[in-house]
Amino acid sequence: GDFPIIYLLVSARFSGTKVQKIVDTDKKNRIYFIRFLRVVTYLRSDYDKALEYISKAYEIAETIGEVPLKAILLNRLGRTYAMMTDAETARAKFQAAIELLPEDDPEAIDSRERLNKL
């Protein structure tokens, strides 16, 4: 699924210490965890905090060269900027996501659709 670390967070089998160790040692899991935090803050309309989280996740994705994940994160940045009515920045983020992916990739399609709606 999209957020494998989430299953660890809600599982009674894992203590907070074990989850923190997994998040600290695996950059990809750290990105998923940060994305989860972004979702929570986004849903609470705390867009500044959502931007902070997703920007941090993007920085980590850049260090591990995870292109599809970078495109997803750029899309989420675009969505957040759109909710903040910063259409210019949202367009730039959606366009950057599109450029990273094949034309028929679902994330590219979503970014293109959102770009066209701005």
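The legends below describe close-up views of one predicted model.

Residue numbers start from 1 along each chain as its sequence is written, and side-chain values rest on heavy atoms, with hydrogens and water left out. Because the model is predicted, local features need a pLDDT of at least 70 and side-chain atom pairs count only at pLDDT 80 or more, while totals for chains, interfaces and linings use all residues.

**View 1. The whole chain and the confidence of its prediction.** The chain holds seven helices and zero strands, where helices (H or I, at least four residues) and strands (E, at least two) are DSSP runs numbered from the N terminus. The pLDDT, which is the predictor's confidence in each residue from 0 to 100, averages 78 over the chain, and 72% of the residues score at least 70. Of the contacts in the chain with a separation of 6 or more, 52% are accounted for by residues 24 or more positions apart. The accessible surface of the chain comes to about 6,900 Å², of which carbon and sulfur atoms hold 52%, as computed by the Shrake-Rupley method with a 1.4 Å probe, counting for residues only the protein chains shown as cover. Buried residues make up 38% of the 118 residues in the chain, where buried means under 20% relative accessible area, exposed means over 50%, and partly exposed lies in between (1.4 Å probe, protein chains only).

**View 2. The largest nonpolar core.** A nonpolar core is a set of buried Ala, Val, Leu, Ile, Met, Phe, Trp, Tyr and Cys residues joined through side-chain atoms within 4.5 Å. The largest one here has 21 residues, and those with the most contacts inside it are I31, A57, L73, L74, L77 and Y81. Two or more residues are given to this core by each of α3 (27-43), α4 (47-64), α5, α6 and α7 (106-117). When its neighbours within four places in sequence are left aside, A57 is in contact with I31, I34 and L73.

View 3. Helix α5 (residues 67-83) has 17 residues and reaches 24 Å from its first C-alpha to its last, close to the 24 Å expected at 1.5 Å a residue; the expected span is 1.5 Å times one less than the number of residues. This helix is mostly covered, with 13 of its 17 residues buried. T80 is found in α5 and counts as buried because its relative accessibility is 0%. Beyond its neighbours within four places in sequence, T80 is in contact with R38, Y42, Y47, A50 and L51.

View 4. Helix α6 has 14 residues, and its reach of 20 Å from first C-alpha to last is close to the 20 Å expected at 1.5 Å a residue. Its residues A90, F94, A97 and I98 are buried. Seen down the axis of α6, the buried residues fall within an arc of 100 degrees, so they line one face of the helix; the arc is that of the directions from the helix axis to the C-beta atoms. On the other side of α6, E88 and E99 are exposed, and what covers the buried residues includes α5 and α7. I98, with a relative accessible area of 16%, is in contact with A108, S111, R112 and L115 once its neighbours within four places in sequence are set aside. The C-alpha atoms of I98 and A108 are separated by 4.8 Å, although these residues are 10 apart along the chain.

**View 5. Two loop residues with positive phi.** Most residues other than glycine have a negative phi. S45, found in the loop between α3 and α4, has a positive phi near 65 degrees and is partly exposed, with a relative accessible area of 46%. T85, in the loop between α5 and α6, has a positive phi near 60 degrees and is exposed, with a relative accessible area of 70%.

Key
Contact means heavy atoms within 4.5 Å.
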